[in-house]
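This briefing goes through one structure topic by topic. Please keep the sequence and the 3D view open while reading.

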Amino acid sequence: MENIKIGLAGNPNVGKTTLFNNLTGLHQHVGNWPGKTVEQAAGHFVENGERIDVIDLPGNYALSAHSIEEIVSRDFIVDEDSDAIINVIDAANLERNLYLTVQMMELDANLGIALNMNKLARKNGIDIDVDKLSELLGVPVVQIEANSDIGHNDLMKMIKDLKDHPIESKRKLVYGEELKEHLGDLAKLISKDNNLLDVSPYWTAIKLLEDDEIVMDKVQQSSMSNPIFLEVRKVKNHLKDLYGVSAGEAIANARYAFIDGLIKECVQLPKNPKPTMTGKIDRIVTNRVLGIPIFLIIMYIVFQVTFTLGSPIQDWLDSIVTAIADGTVALIGENALSSLLADGVISGVGSVLSFIPQIVLLFLLLSILEDSGYLARAAFVMDKVMHKILGLHGKAFIPMILGFGCGVPGIMATRTLEHEEDRLVAMLLVPFMSCTARLPVYLLFVGIFFASSQANVIFSLYLLGVVVAIIVAAIIKKLFFKGVSTPFVMELPTYKIPTVKGVLMHTGEKTWGFVRKAGTIILAAAIIVWVLSYFPAGVDYGSQASYIGQLGTFIAPIFSPLGFGNWQASSALIFGMVAKEVIVATLTSVFGSFPGGATAGITAAFTPLTAYAFLVFCLLYIPCFAALGTIKQESNGWKWPAVMVCTCLITAYVVSFIVFRVGLLLGFH
Amino acid sequence: MIKSLDQLKTGEEGKLVSYNDGGSTELKRHLMGMGFVKGSKIQLKKIAPLGDPFEYKIKGYSICLRKEEARNIEVDVE
């Protein structure tokens, strides 16, 4: 039997992904669209012995060339050999949802509509005549509830019918006499070139009037390009004279006029709308006075659960990994192999494992916040702060806060940002937030040098991180995203109770993604550091004679202008790239042979001022390999991790230099 | 009376008349897709705690815009 392949299309927040999860269950995999950084979720299920493949298209409001997500969706509809496109629609929000539907009809897609959330719509007093809607659109419509099996059989029957008897969905679409005539003329011209007929010529005509760059480029190649563009200009001028608006606007108006007609015929709206549940919740959640406190409390809970609840599990995993490492050494004796296994492989695996409790907890909470609809409210409440200070979207607040716990979940949380530029800038800023792994380093030094004002010194470092992030954000925006300012046009969706299935699947998938991709990088880095510490053969692990010690000695002079040009500090910084807390272990071990122990050694090698400059460097220099690996995974390439490394090294060097030199001038030592 | 969208008072409703020349065409196209077309009724529901962005009701759903975006849209208030 032949497979059936369908695409799920629809606006964001209409339950499209819920339907996808409900249909495919665990038979899904998440990858990227070929050559794109947009996520593609694909899956399959079996119905009456037939295998049905499902692609979950990105949630879109339109099908312009406006964003990669929209381009991916329309390419799928145009190019892919799919059997049907199922348009998931929120019944309570029919008017706006149909705007996308109409555009898929322009494409003449083999379209069926799955009307979702009918219960909620009925509760809000909205009454839809489904048969009439279907008749007037010329597209089959079924009613479903995506989070249950209600309507499942109808949906399956519709898919089967669409496959067996494809429909011409553009048949009943009319845009008024004036436009119809112009579009007809244009389509006739376009039809003269067979190379342009891989897609409905009406659609091409509409896109040309809308100044769609991709379609314009394509028509540019055509032998008919001159007469076509001449006609397009003529039509545009005519529409401008007639309606006083651009052709693009005239088309949008015509689409909504068509939809208005439908709505008038098929939908009864309540005369006196009752306050909805969402309205009631929002009266509190985005309240002028309560909005920010509520946001802060929720952030506090997320932070506490992720890190406080996560860290005992982390410690427990750590102790198991240490026990296994010790056991390995005991079993095969102290030699190169046992050292490789214990200090390289097992500790590398251990550091990957140690992130898992946090990532699982974080994504459980984030999915709940996102699926429930709260995340959009958080962005609404905090946008002013983020926009003013960092030039970012309100949603970027959450990754920043998480960054104070650990950069890895922070970077992963940037996924909630819709625009790629926002996502990248936020990703590059997260590592400047002082994560918990840096705290042991601070504690070691303030204990020795700043015993009387520990809290103030540590607080100053946290603050410095934030200030530097603000400056770096401004510079990155100037360098890489010139003139890009993403508008803040965001729907506030209705509140929903997240489904357990959806939350668990999302969490599982993200965690597995981290282990598979970032995990391999972390492990590889751990093994490289082991090689550098263990060889040349016969030296003490990580001593000055080892490669890493030699490297430390070699680069130490670079740090002399910053006040800490000793080999121990340099080696510790190299180790610190694995994880910042390793700096403490390295320093205590390399200064351990000092008469009087490590503390005496550190006291002799640093002064309060050079210690502070060193801490500033630790705060700002290269984020650990785990963070870099995560950035690589999230940004889909090595470019952004490389940018990150350069930015951090330069920033750390410059800021430490300023701190040390200004400190000297001010008479500190 | 014609005013720009950011000048509405909370609870006040207007009908979209036109876009002025402030915003980019990209933004305009996006907004049109979200229902901001001639004749649409738009109501200011709420202003965020810090004074920006604004929450509007349009075509039965809620959307938020920053002041700098709302400024480009003109509505007629009866």
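Across the interface of chain A and chain B, three salt bridges are found. One salt bridge joins the side chains of Arg66(B) and Asp383(A), with 2.6 Å from N to O. The model is a predicted one.

**The interface of chain A and chain B**

- The interface also holds 14 residue pairs in polar contact, both residues being at pLDDT 80 or more.
- On the side of chain A that touches chain B, two or more residues each come from helix H3 (94-106), helix H11 (247-266), helix H12 (277-285), helix H13 (291-332), helix H15 (374-390) and strand S10 (490-492) of chain A.
- Of these elements, H15(A) gives the most, with six residues.
- Chain A brings 40 residues to the contact, and chain B brings 32 residues.
- Together the two chains bury about 3300 Å², and 58% of that area is on carbon and sulfur atoms.
- Three residues, Arg288(A), Phe380(A) and Val489(A), supply 20% of the area that chain A buries against chain B, which is more than any other three residues.
- A charge also sits over a ring across the two chains: the charged end of Arg96(A) is over the ring of Tyr61(B), 4.1 Å from the ring centre.

**Arg377(A)**

- Arg377(A) is part of helix H15 of chain A.
- Its relative accessibility is 0%, so Arg377(A) counts as buried; the cut-off for buried is under 20%.
- Beyond its neighbours within four places in sequence, Arg377(A) is in contact with Thr278(A), Asp282(A), Val285(A), Thr286(A), Leu492(A), Pro493(A) and Tyr495(A).
- With one of these residues, Tyr495(A), there is a further relation: Arg377(A) lies over the face of its ring, at 4.2 Å from the ring centre.

**Aromatic pairs**

- Over all chains, 19 aromatic pairs are counted.
- Phe404(A) and Tyr462(A) are a stacked pair, because their ring centres are 6.1 Å apart and their planes are at 20 degrees; stacked requires planes under 30 degrees apart.
- Phe404(A) is in the loop between helix H16 (397-403) and helix H17 (407-413) of chain A, while Tyr462(A) is in helix H20 (residues 454-480) of chain A, so the pair ties together parts 58 residues apart in sequence.
- Phe404(A) is partly exposed at 24% relative accessibility, and Tyr462(A) is partly exposed at 21%.
- Phe559(A) and Phe617(A) form an edge-to-face pair, with 5.2 Å centre to centre and 80 degrees between the planes.
- Phe559(A) belongs to helix H22 (residues 547-559) of chain A and Phe617(A) to helix H26 (residues 608-620) of chain A, so this pair also ties together parts that are 58 residues apart in sequence.
- Phe559(A) is buried at 8% relative accessible area, and Phe617(A) is buried at 3% relative accessibility.
- Ring pairs link Phe559(A) and Phe617(A) into a cluster with Phe445(A), Phe449(A), Phe564(A), Phe606(A), Phe614(A) and Tyr621(A).

**Chain A as a whole**

- Chain A contains 28 helices and ten strands.
- The C-alpha trace of chain A spans about 95 × 55 × 55 Å along its principal axes.
- Of the 669 residues in chain A, 54% are buried.
- Among contacts in chain A with a separation of 6 or more, 71% are between residues 24 or more positions apart.

Note on methods
Residues are numbered from 1 along each chain as its sequence is written. Chains are lettered from A and ligands numbered from 1 in the order in which they are written. This is a predicted model: local features need pLDDT of at least 70, side-chain atom pairs count only at pLDDT 80 or more; totals for chains, interfaces and linings use all residues. Side-chain values use heavy atoms; hydrogens and water are left out. Rings of Phe, Tyr and Trp (its six-membered ring) pair if their centres lie within 6.5 Å; planes under 30 degrees apart count as stacked, over 60 as edge-to-face and the rest as tilted. Helices (H or I, at least four residues) and strands (E, at least two) are DSSP runs, numbered from the N terminus. Buried means under 20% relative accessible area, exposed over 50%, partly exposed in between (1.4 Å probe, protein chains only). A charge sits over a ring if NZ of Lys or CZ of Arg is within 6 Å of the ring centre and within 35 degrees of the ring normal. Contact means heavy atoms within 4.5 Å. Buried area is the accessible area (1.4 Å probe) that two parts lose on being put together, summed over both. A salt bridge is a side-chain nitrogen of Lys or Arg within 4 Å of a carboxyl oxygen of Asp or Glu. A polar contact is a pair of N or O atoms within 3.5 Å; within protein, one must be able to donate a hydrogen and the other to accept it, and residues adjacent in sequence count only if both atoms are side-chain atoms.
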